[in-house]
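Please look through the sequence and the model first, then read the points below.

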Amino acid sequence: MGKRAALNGRSFFALFRESLFESTFSVPSSPVLSSENPMSSASLTSLDFRRALGQFATGVTVVTVESAPRQVHGMTANSFTAVSLEPPLISVCVDQRAHLLPMLQEKRVFGINVLKEDQQILSEFFARADQPPTEETLLSVHFHFTPENVPLMDNVLCQVACRLHAAHVAGDHTIVVGEVISATRYRGQPLLFFRGQYRRLNS
């Protein structure tokens with residue numbers, strides 16, 4: 001079995017982290033076209049592309065969908081953004097091979113849960129394809145369901161309940177656009193992701 005097949009069901013976040021940061025690298029102080037040759041005009045390599053994306057700091061979310069009656073499957077994602085204010089729309093990118101994608105397409109409602117700074121272990125758990133219920137219980141992960149049957153994680157920085165608005169295949173991912181049903185904010189600081197590492201705000 002090749003690496004692509006073996007990684008079936010992994011989130012973009014997990015694949016990006018593993019493929020880009022298996023080894024450390026130094027960040028140049030001046031712009032370069034290629035990490036190997038600053039003057040090269042060669043086409044952008046996938047490694048150059050991943051390293052460039054690593055310069056963009058993001059928050060960390062867990063996308064949640066009901067997988068069976070009152071059971072939840074989650075997927076860690078940092079490819080999350082606002083799309084529109086009127087109507088309120090968001091988007092998240094999901095790997096075509098992710099286990100969550102067919103569930104989301106079937107249920108047509110999903111949650112976005114923004115993690116707090118002390119929830120790195122939850123990010124790592126939901127970046128996995130296998131999510132044993134016993135381990136989930138040990139991590140004290142709890143969900144509640146909205147009237148629209150959207151599963152949302154308790155004790156997070158923000159909960160956003162969404163209804164599937166559109167889905168667009170783009171390369172090896174699907175851009176999932178959700179119409180926001182509700183959004184609830186809580187106190188706390190965010191878990192961040194930058195250059196392949198989890199970070200926290202200094203202030």
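The structure is a predicted model. Its protein chain holds six helices and 12 strands. Of the 203 residues in the chain, 42% are buried.

**The chain as a whole**

- The accessible surface of the protein chain is about 11400 Å², and carbon and sulfur atoms account for 54% of that surface.
- Among the contacts in the chain with a separation of 6 or more, 64% are between residues 24 or more positions apart.

**The seven-stranded sheet**

- Seven strands make up an open sheet in the order S3-S2-S6-S9-S10-S5-S4, and their pairing is antiparallel.
- At the edges are strand S3 (71–77) and strand S4 (80–84), each of which pairs on one side only.
- From one strand to the next, the twist averages 35°.
- Strands of a sheet are held in pairs by backbone hydrogen bonds, in a parallel or an antiparallel sense.

- S4 and S5 are antiparallel partners over four bridges, and a hairpin of four residues joins S4 to S5.
- Within this pair, Ser84 has Leu89 of S5 as its bridge partner.
- Strand S5 (residues 89–95) also pairs with strand S10 (residues 173–185), in the antiparallel sense and over seven bridges.
- Here the bridge partner of Val92 is Val176 in S10.
- S10 is joined to S9 by 12 bridges, and these two strands run antiparallel.
- Arg163 has Glu179 in S10 as its bridge partner.
- The hairpin of S9 and S10 has two residues between the strands, and in this hairpin Gly171 takes a positive phi near 65°.
- S9 pairs with S6 as well, in the antiparallel sense over six bridges.
- Asn113 stands opposite Gln159 in S9.

- Which strands of the seven-stranded sheet does helix H4 touch?
- Helix H4 (residues 100–107) packs on the sheet and touches strand S2 (61–68), S3, S5, strand S6 (109–114), strand S9 (158–170) and S10.
- The direction of H4 makes about 65° with that of S2.

**The three-stranded sheet**

- Another open sheet is formed by three strands in the order S1-S11-S12, with antiparallel pairing.
- Strand S1 (58–59) and strand S12 (197–200) stand at its edges, and each has a single partner strand, so one side of each has no neighbour in the sheet.
- S1 pairs with strand S11 (residues 191–194) in the antiparallel sense, over two bridges.
- In S11, Phe193 is the bridge partner of Thr58.

**A nonpolar patch on the surface**

- Leu44, Phe49 and Leu53 form a nonpolar patch on the surface, and together they have about 290 Å² of accessible area.
- Leu53 belongs to helix H3 (residues 46–53).
- Is Leu53 buried, partly exposed or exposed?
- Leu53 counts as partly exposed because its relative accessibility is 35%, and this class lies between the cut-offs of 20% for buried and 50% for exposed.

Definitions and conventions
Residues numbered from 1 in each chain as written. Predicted model: local features only at pLDDT ≥ 70, side-chain atom pairs only at ≥ 80, totals over all residues. Heavy atoms only, no water. Patch = residues over 30% accessible without salt bridge, like charges linked within 9 Å, V, L, I, M, F, W, Y side chains within 5 Å. Areas by Shrake-Rupley, 256 points an atom, 1.4 Å probe, with all protein chains shown as cover. Salt bridge = Lys/Arg side-chain N within 4 Å of Asp/Glu carboxyl O. Buried < 20%, exposed > 50% of the residue type's maximum accessible area, 1.4 Å probe, protein only. Pairing = 2+ DSSP bridges. Axes fitted to C-alpha atoms, helices over the stretch in contact; angles between N-to-C directions. Contact = heavy atoms within 4.5 Å.
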